Amino acid sequence: MQKIFEGEKCYCKIGDILKELGVKKFMLVGKMPFHTTAITEYFENIKTPFVMFKNFTANPKYEEICEGVDLFNAQECDAIVAVGGGSAIDVAKCIKLFSKMQKGKLYFEQELFDTKIPLLAVPTTAGTGSESTKFSVFYYKGEKQSIAPEYLVPEYAFLDETLLYSLPEYQKKCTLLDALCQAIESWWSVHSNDQSKSYAKTAVEKIIKNYKGYIFDCNEAATKEIMLGSNYAGKAINITSTTAPHAMSYKLTTLYGIPHGHSVGIGLDYVWEYMINNIEKCADSRGAEYLLNVFDDIAKALGGKNAKEGSFIYKNLLKELEISGPKATKEELEILTNAVNVSRLKSHPLKLDRNALYELYKNITQN
């Protein structure tokens, strides 16, 4: 069971936890000095020895993770603390998972097992919810790889909203959209249950009620609610996984170099509209009427009355945040369409064939 700590400087409990766990040396995965002085100073003065690993990019590459694994083993570390956004936490998860595997073979193709290495996560963005999920994403030869054994959920998570105060506005927008899309996608996923829908509802309501105060006014109370909303979104997808907007987002990110939250945000707009207009293609065993009711419930959490009004509210949110799609050539539309792994659409509540994906990408990249 994951332990979550909340509030300003809650990460100061890390030292005591490491001591209780009997940790002799840990790996700190992140980009220190961090963007806030307080957390940087905390780790500069922590009593437990550590080695720093920061040689990874925003969309982590397999080779970068291997470098982290080599350093972890060479330094004889016995725990990992991740401080940063989703990429830092994803890298930390992979280092934990791969550190006891056989070298010379691709780690992610080997049999997975729980290494029992303690993992503590301190998110410095409010978006991925990775601190409370089993998912880790990285890229190998330009292709997205995803691993998700249950034991990759960090044992400890520290939600300090003050770490969000100094984020650039555009980064706030992108990460917020990632969290909002996760919550919405989890809500309509074919794998949803009462627990996941409760998490998703809480996430959507917190995000939609507080995004203006968080992004435009740097309001402290709003920022705290956004941090919690992001975490609830993570808990929701940890049960259901994501759906088509996420599956379609990864090639948009790699092809055009736009952040993940931006790419998934522009995709959800048209995917939702398409589903409303093609409800007869429902793939959820609970039926089309059930799915329409879910769309209405999502709309109500966004502040609307029904599915179409909810979709309209979301579309206007993108305009308010000044988030739009790139322009694509016909060749690029083919690349985007062919890059979608159809197996990753199994959670999606509507059947999407190649023609549908092509038209969706056409809308995303031409408007």
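Predicted model: local features only at pLDDT ≥ 70, side-chain atom pairs only at ≥ 80, totals over all residues.

Colleague: Is E161 buried or exposed?
Modeller: K224 has a relative accessible area of 29%, so K224 is partly exposed. The cut-off for buried is under 20%. E161 has 10% relative accessibility, so E161 counts as buried.

Colleague: How far apart are the closest N and O atoms of K206 and E225?
Modeller: This pair also links distant parts of the chain: K206 is in helix 6 and E225 in helix 7, 19 residues apart. K206 is buried at 18% relative accessible area, while E225 is partly exposed at 23%. They form a salt bridge, with the closest N and O atoms at 2.7 Å.

Colleague: How many salt bridges does K172 have?
Modeller: K172 is placed in helix 5 (residues 169-188). Beyond four places in sequence, K172 touches L164, Y165, L167, Y214, I215 and C218. K172 is buried, and the nearest side chain of opposite charge, E169, is 7.5 Å away. A salt bridge needs a nitrogen within 4 Å of a carboxyl oxygen. The count for K172 is no salt bridge.

Colleague: What is the geometry of the F98 and F138 ring pair?
Modeller: There are 19 aromatic pairs in total. In this one, the ring centres are 6.2 Å apart and the planes stand at 90°. Planes over 60 degrees apart count in this class, so the pair is edge-to-face.

Colleague: Where in the chain do F98 and F138 lie?
Modeller: Both are buried, F98 with a relative accessible area of 0% and F138 at 0% as well. They are 40 residues apart. F98 is in helix 4 (residues 86-98), and F138 is in strand 6 (residues 136-140).

Colleague: What class does the Y199 and Y232 pair fall into?
Modeller: The ring centres are 5.9 Å apart, with the planes at 50°, so this pair is tilted. Y199 is in helix 6 (residues 194-215) and Y232 in helix 7 (residues 220-240). The class is tilted.

Colleague: Which charged residue sits over the ring of Y232?
Modeller: Y232 is partly exposed, at 26% relative accessibility. The charged end over its ring is 5.0 Å from the ring centre. The residue is K235.

Colleague: Which residues touch the most other members of the largest nonpolar core?
Modeller: This core has 68 residues. Y314 is in contact with residues beyond four places in sequence, including L177, L180, C181 and W272. Another core, of 31 residues, lies apart from the largest one. The members asked for are W188, W272, F295 and Y314.

Conventions
Residues numbered from 1 in each chain as written. Heavy atoms only, no water. Helix = DSSP H or I, 4+ residues; strand = E, 2+ residues; numbered from the N terminus. Buried < 20%, exposed > 50% of the residue type's maximum accessible area, 1.4 Å probe, protein only. Lys, Arg positive; Asp, Glu negative; His and termini not counted. Contact = heavy atoms within 4.5 Å. Phe/Tyr/Trp six-rings, centres within 6.5 Å; stacked < 30°, edge-to-face > 60°. Lys NZ or Arg CZ within 6 Å of the ring centre and 35° of its normal. Core = buried A, V, L, I, M, F, W, Y, C linked by side-chain atoms within 4.5 Å.
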